[in-house]
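Please read these points with the model open beside them.

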Amino acid sequence: FGLTHKWEGDICHLSGGALKDGRVVMTDTTVSIELTLGFMAKMFKPKVEDQVNKWIDRIVHEKEEA
């Protein structure tokens, strides 16, 4: 999707493509994802949210099974 990322400690900064700005913040017990979509990508916000939620669910279930 043309994204770039940069880790600073427990924070991953994302940018590029249709993503204006984003970050993933990890703690011992939580993962927080904040995304700011570019103007044109805002039309697809529900689809983006759905895909991110599916991705998170898949990762959580894989960890539970391990």
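1. This is a predicted model.

2. How many salt bridges does a search of the whole structure find? The search finds three. Side chains of opposite charge can pair when their charged atoms come close.

3. Another of these pairs is glutamate 34 with arginine 23, whose side chains meet at 3.4 Å, N to O.

4. Glutamate 8 and lysine 6 form a salt bridge through their side chains, at 3.6 Å from N to O. Is lysine 6 buried or exposed? Lysine 6 has a relative accessible area of 52% and is exposed, whereas glutamate 8, at 43%, counts as partly exposed.

5. The strands make up an open sheet of four, in the order E1-E2-E3-E4, with antiparallel pairing. Strand E1 (4-8) and strand E4 (31-37) are the edge strands, each pairing on one side only. From one strand to the next, the twist averages 15°.

6. E1 and E2 (residues 11-16) run antiparallel and are joined by five bridges. Lysine 6 has histidine 13 in E2 as its bridge partner, and tryptophan 7 stands opposite cysteine 12. The two strands form a hairpin with two residues between them, and glycine 9 in the turn has a positive phi of about 65°.

7. Five bridges also join E2 to strand E3 (residues 19-26), again antiparallel. Glycine 16 stands opposite leucine 19 in E3. This hairpin too has two residues between its strands, and glycine 17 in the turn has a positive phi of about 55°.

8. Leucine 14 belongs to strand E2. Why does leucine 14 count as buried? Its relative accessible area is 17%, and buried means under 20%. Beyond its neighbours up to four places away in sequence, leucine 14 touches several residues, including Thr4, Leu19, Val24 and Leu35. Leucine 14 and valine 24 are ten residues apart in sequence, with 7.9 Å between their C-alpha atoms.

Conventions: Residues are numbered from 1 along each chain as its sequence is written. This is a predicted model: local features need pLDDT of at least 70, side-chain atom pairs count only at pLDDT 80 or more; totals for chains, interfaces and linings use all residues. Side-chain values use heavy atoms; hydrogens and water are left out. Two strands pair if DSSP finds at least two bridges between them. Axes are lines fitted to C-alpha atoms, for helices over the stretch in contact, and angles run from 0 to 180 degrees between N-to-C directions. Buried means under 20% relative accessible area, exposed over 50%, partly exposed in between (1.4 Å probe, protein chains only). Contact means heavy atoms within 4.5 Å. A salt bridge is a side-chain nitrogen of Lys or Arg within 4 Å of a carboxyl oxygen of Asp or Glu.
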